[in-house]
Amino acid sequence: MEKKIKRDKQPSVKLPLIDGASSDGRRTILDTDPHFYSLIDGRPIRPNKSILKYKQDIRNIALKRTVCGFLTDEILRIDREIETERKKYETASKHFDEYQYSFDKFLAHDNNKTIAIMRKSDNLSKDLTKQVEEHKAANYEYATLKSKLQYIEETLQIMVSFQFFLYNAAPIMWRETVPTPVDKAEILESDSNIFSKIDINAVKLRLSQLAQPCLYFETPIQLLNVFNTLEKQNLNYLLVTEELNAEKQQFLMSVQRLKILMDMELNFIQQKIKEIDDIIKCNVSRELELKDAFYKLLNKNIKYLVSSKTTLQIFNYVEFAFEKIIAPNETNLSSLEMMYCLEREFNNIMIDLTAFDLNDVKVIEKEIYSEGVSQIIKAKLANKLLKNVDKLNKRMKSAYEPSKRPLKN
């Protein structure tokens, strides 16, 4: 309120009144641009004063209009497809009418031929039906005959089995005088198809191969006598079996005792095997310990004695002395053998030196020592010179090689 009062108190420019304006301060718009209301045509009137709500309504209207445009495009596309399908249908209908007219014309032209062919087909169908009926009747008769023949075969099989039984029941002396009958006779081949063809010649051949039956028994009483005899024999066999059962029981008891002894022996052997296995395991562990100790000696002491730098130097020194004093080592003697030879040579030389004057020997020793010292000095100088030459070679080689430092731009 204070700001409003201050703003009213500020000085302002007062313009003169418009011509025709009322003196009481009220103003009205008399002339309006005709394009003014066209700018807001179609826009919703805001029921409230929220600008955010107004913007949201404007966005929704634009979205609805876009969706309406998409739907209109889709409706137009569907209308065009319907028009295209209608044209295709009219074309197909026109072609169908043409084909129907040509077919009717062809059918009217070949009607007589078609009627003749259909009559001929009916006649052939009647003939075929008649032949099928005759074939069914023939097949029924054929199946009936084959069933009767199979029944006869089964009966023959039963009779052959009876013959074989009577043959086995006959005495052995009589069986040796007659041929052995067959225990199975087949005159038909086994086939699940009842309408399969029967080989008549094969059936006749199999029937002709069957021997004439030879029977020892002529009446059933003879069979009863044989069965009585067999019953007595079976009774005798039972008595003998009882005696054998007693012997069998004794044998089984002996086997049981033998089994107990064998078990005891087996347990003893298993115990010994276990003890031997323990000894073997102990020996194996001892072997591993000795092997480890051997490899330790091999890798440390023996390796040092055989292939160390000191050993190689001693071998070189001994070989050099051996070749200088005795002879070249062409036989590849070991250092120990060469030492033995040098020792023997040294003993021989010492024995020879006892024959010379002691003063002369001392003078010669001094000369030899001085010569050895001069050779050692020369060797040191040569070694130093060799090192200097190696350094010079390395430096010359590095001088010819490109520099490893990055070049500065």
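The side chains of Glu74 and Arg77 meet in a salt bridge, with N and O 2.1 Å apart; the term stands for a side-chain nitrogen of Lys or Arg within 4 Å of a carboxyl oxygen of Asp or Glu. This is a predicted model, in which local features need pLDDT of at least 70 and side-chain atom pairs count only at pLDDT 80 or more, while totals for chains, interfaces and linings use all residues. Residues are numbered from 1 along each chain as its sequence is written, and side-chain values use heavy atoms, with hydrogens and water left out.

Both Glu74 and Arg77 sit in helix 2 (residues 51-109), 3 residues apart, or about one turn of the helix. Helices here are DSSP runs of H or I with at least four residues, strands are runs of E with at least two, and both are numbered from the N terminus. Glu74 is partly exposed at 35% relative accessible area, and Arg77, at 32%, is partly exposed too. That label covers what falls between buried (under 20% relative accessible area) and exposed (over 50%), using a 1.4 Å probe and protein chains only. Glu81 joins Glu74 and Arg77 in a network of salt bridges.

Glu83 is 3 residues from Arg86, and Glu90 is 4 residues from Arg86. Arg86 is partly exposed at 37%, as is Glu90 at 42%. The salt bridge count comes to 7.

Glu319, in helix 7 (residues 309-325), tells another story. Glu319 is buried but has no salt bridge, and Lys324, the nearest side chain of opposite charge, is 13 Å away; for charge, Lys and Arg count as positive and Asp and Glu as negative, leaving out His and the chain ends. Leaving aside residues up to four places away in sequence, Glu319 touches Asn329 and Met338, where contact means heavy atoms within 4.5 Å.

Met338 also belongs to a core of 5 residues, together with Val318, Phe322 and Leu342 among others. A nonpolar core is a set of buried Ala, Val, Leu, Ile, Met, Phe, Trp, Tyr and Cys residues joined through side-chain atoms within 4.5 Å. The largest such core has 6 residues: Tyr167, Ala170, Trp174, Val178, Phe217 and Leu223.

As for the whole protein chain, there are 9 helices and 0 strands, and 7% of its 409 residues count as buried.
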